[in-house]
Amino acid sequence: MAVWFTSILAIVVTLFTQVLGSGVFEIDLHHFQNTKGLLANGLSCSMTGCRTYFRVCLKNFQTVVSPGDCIFGKVTTPVLGIDSFSIQQDARLRLPLNFTWPGAFSLVIEARYSPAADRPEDTTNPEFLISSFAIQRQLGIGREWSHDVQRGTQTELRYSYRFICNEHYYGDTCSKICAPRDDHFGHYTCKPDGQLACLPGWKGEYCQEPICLEGCNERNANCTLPGECKCRKGWQGLFCDVCKLHPSCKHGTCIEPWQCTCKEGWGGIFCDQDLNYCTHHKPCANGATCMNTGQGSYTCTCMPGFTGVNCDLEVRECDSQPCRNEGHCLDSENGYRCVCPRGFEGTHCEHRMLTCADTPCFHGGNCRERDSGNTYICECPVGYTGLNCEKKVDKCTSLQCTNGGHCVIHGNLRLCSCRSGFTGQRCEININECARNPCANGSTCIDRINDYTCTCPTGYTGRHCDKLTDRCASQPCLNGGTCTTGDKGQPTCLCPAHYSGPQCQSDDVALLNTPSPNIGWESSDTLSLAAICLGVGLVAVLVFFCMVVVVIRRIKKQRSKEQDSETMNNLSKVDFQKENLISTLELKNTNKKVDLEVDCPREKSNHKHINHYHLDYKTSMGYNDELSFLDKDENCEKTIEEKKHLSRMYSERPECRISTICSSRDSMYQSVFVIAEEKHECIIATEV
């Protein structure tokens with residue numbers, strides 16, 4: 001209801017301001033010069049000079065400015081100076097207008113003499129006129145001043161003028177109104193052109209609609225204040241984008257409110273029936289794989305190192321005695337390990353350790369025992385190296401190549417031949433394959449050994465992230481929806497009829513037929529709307545019926561009058577008509593221009609009198625007076641007393657007037673018009 005009231009109020013204000021405006025015509029007088037101190041008639045004002053005041057008249061635009069009414073306004077200043085003087089700025093003149101500014105005007109400024117120190121009461125005495133200036137101008141609305149200088153025979157006046165809009169009025173004619181407000185009917189300020197500028201948090205034609213919290217799902221929520229997000233029934237969450245499950249749903253999910261879509265392993269209407277023992281109970285331990293065998297049974301496939309029905313028993317691998325040569329087996333979390341006796345090594349103590357007794361040193365190397373004979377070291381002769389003096393020393397021996405590089409001798413030079421992806425004197429530098437920016441579309445390059453990897457942003461794929469991801473390959477659209485890919489690879493579903501949602505997952509028809517807690521609320525709104533429409537319809541039918549009854553009664557009444565009129569005596573008709581005639585002795589012409597007067601009563605006459613500005617004959621065509629009579633009433637009758645009053649009126653006011661005397665429909669005499677024309681004579685016209 002408040003929205004209807006706001007809309008109606010806005011329309012009324014808009015229509016009203018199209019006719020009425022609000023602005024001010026301002027005149028700023030700067031300097032007046034009367035060098036000789038004379039009046040317009042050539043006489044001197046006084047011994048002390050001409051005490052001068054100004055009379056300003058603003059009227060409609062005239063091609064030739066003539067005396068007459070100041071239609072737009074007039075103003076008179078106090079005495080501002082003597083003879084020649086400058087005028088202070090506080091003497092600015094303001095002429096307010098309460099209608100639309102037409103854009104053109106005529107201005108008359110008169111400088112007048114005041115015999116006394118104060119302005120005289122009579123400001124129209126022609127003997128006190130010093131000078132008169134008249135201009136016609138086109139003027140737009142704005143705060144800029146238009147400057148002008150008017151010179152007479154012995155005087156000069158400098159002044160400026162402008163037309164500005166009042167507060168809250170805007171537009172080229174000051175007819176657009178805009179008042180800032182922050183209440184129930186709107187929340188806005190006004191732009192320089194008068195358009196509404198909504199306050200932060202509001203939108204709409206009159207800024208009465210709040211902007212909800214950013215991200216708030218408008219389909220599932222609403223708001224009464226900016227920044228709110230009030231969820232409708234069936235929705236929850238900060239942005240009202242999370243559906244509520246059916247109250248009886250146990251192990252299910254939903255996409256729309258009050259749904260119950262069962263999770264894996266659950267069934268039934270409310271997802272309360274257990275169908276998957278492995279999923280819900282997870283009986284298998286230590287990473288074992290559980291398999292349902294039906295009716296709540298299962299089997300566990302154990303990982304290596306575990307056994308049992310639920311794979312909860314750890315296998316003791318040392319029971320198989322994997323250690324050789326009397327090694328000691330120790331169980332560990334990841335298996336087992338062997339603790340070897342002296343003189344043996346290896347995973348299962350399968351290798352016998354070498355000692356100096358085995359002469360392990362080659363090329364005559366000297367063997368020395370360490371750690372009480374458990375280990376040894378070979379002292380190699382000149383030219384050999386290695387653990388057992390098995391390597392011959394060459395130029396590459398002292399050049400240690402890193403990262404898998406090997407030494408190569410070219411003549412007297414020793415060089416490291418590096419693996420692909422490395423460089424440097426010793427192959428110690430990893431070549432940065434990302435230096436040439438191989439990854440496209442803003443992806444991130446990760447350097448590897450002789451290789452690189454591009455981490456692609458969303459929507460791109462490929463080795464160099466130069467291919468758009470086909471998001472439609474997974475067929476995300478349901479219920480026959482068509483998947484399309486946007487510029488950035490984002491999939492969009494085009495849903496068939498009766499389906500909606502990001503993936504066309506919502507069945508609109510099913511939702512309408514599915515009972516939910518909010519159906520009662522929606523139906524109540526529907527019933528309220530139907531009741532309102534029914535009431536309006538009944539009122540309209542009742543009004544139409546009353547109109548039909550009134551029309552029928554009027555028709556019957558008119559027919560009865562026609563039957564009565566047919567039985568009247570013709571002679572009485574003639575006598576009655578003669579009584580309504582005006583004697584020529586009662587009419588007198590004084591050859592003066594007068595206004596039009598209609599003597600028929602207002603309730604019986606259809607005459608309309610249209611009167612605009614009363615201007616002189618020299619006024620332009622656009623401002624001529626109009627006077628018209630429309631649709632004379634044939635049923636208007638005069639009584640004998642009215643006729644006597646008419647006779648007495650003309651005898652008391654002996655001037656020519658324009659009158660109309662209306663007779664009945666069946667009279668043989670028709671209306672009499674007395675017309676005053678420019679020929680200064682009266683014409684009596686009688687239609688028979």
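Me: Which strands make up the open sheet of three, and in what order?
Reply: In this predicted model, the open sheet has the order β13-β14-β15, and its strands pair in the antiparallel sense.

Me: Which of them stand at the edges?
Reply: The edge strands are β13 (181-183) and β15 (196-198). Each has a single partner strand, so one side of each is left without a neighbour in the sheet.

Me: How are neighbouring strands turned against each other?
Reply: On average, neighbouring strands of this sheet are turned by 35° against each other, direction ignored.

Me: How many bridges between β14 and β15?
Reply: Strand β14, residues 186-190, pairs with β15 over three bridges, in the antiparallel sense.

Me: And what stands opposite C198?
Reply: Y188 stands opposite C198, which belongs to β15.

Me: Which residue is C198 joined to by a disulfide?
Reply: C198 is joined to C207, with an S to S distance of 1.9 Å. The torsion about this S-S bond is about -80°, so the disulfide is left-handed.

Me: Are those two cysteines buried or exposed?
Reply: C198 is partly exposed, at a relative accessible area of 34%. C207 counts as buried because its relative accessibility is 1%, and the cut-off for buried is under 20%.

Me: Which core includes C207?
Reply: C207 belongs to a second, separate core of six residues, which also includes C178, Y188 and W202.

Me: Changing topic: what about the largest nonpolar core?
Reply: The largest nonpolar core has 33 residues. Those with the most contacts inside it are F25, F54, F105 and L107.

Me: Which strands supply at least two residues of it each?
Reply: They are β1 (23-34), β2 (51-59), β6 (93-97), β7 (104-113), β8 (129-138) and β10 (155-165).

Me: What does F54 touch?
Reply: Leaving aside residues up to four places away in sequence, F54 touches L29, F32, V75, T76, T77, L80, F85, I87, I109, E110, A111 and L157.

Me: Why would nonpolar side chains be buried together?
Reply: In soluble globular proteins, nonpolar side chains tend to be buried together.

Me: Back to disulfides. How many are there?
Reply: The count comes to 28 disulfides.

Me: Which residue does C278 pair with, and where do the two lie?
Reply: C278 is joined to C290, with 1.9 Å from S to S. This pair links distant parts of the chain, twelve residues apart: C278 is in helix α2 (residues 277-281) and C290 in strand β26 (residues 289-294). The link of C278 and C290 is left-handed, with -65° about the S-S bond.

Me: Buried or exposed, those two?
Reply: C278 is buried, with a relative accessible area of 9%. C290 counts as partly exposed, at 24% relative accessibility.

Me: Are C318 and C329 buried or exposed?
Reply: Both C318 and C329 are buried.

Conventions. Residues are numbered from 1 along each chain as its sequence is written. This is a predicted model: local features need pLDDT of at least 70, side-chain atom pairs count only at pLDDT 80 or more; totals for chains, interfaces and linings use all residues. Side-chain values use heavy atoms; hydrogens and water are left out. A disulfide is a pair of cysteine sulfur atoms within 2.5 Å. Buried means under 20% relative accessible area, exposed over 50%, partly exposed in between (1.4 Å probe, protein chains only). Helices (H or I, at least four residues) and strands (E, at least two) are DSSP runs, numbered from the N terminus. Two strands pair if DSSP finds at least two bridges between them. Axes are lines fitted to C-alpha atoms, for helices over the stretch in contact, and angles run from 0 to 180 degrees between N-to-C directions. A nonpolar core is a set of buried Ala, Val, Leu, Ile, Met, Phe, Trp, Tyr and Cys residues joined through side-chain atoms within 4.5 Å. Contact means heavy atoms within 4.5 Å.
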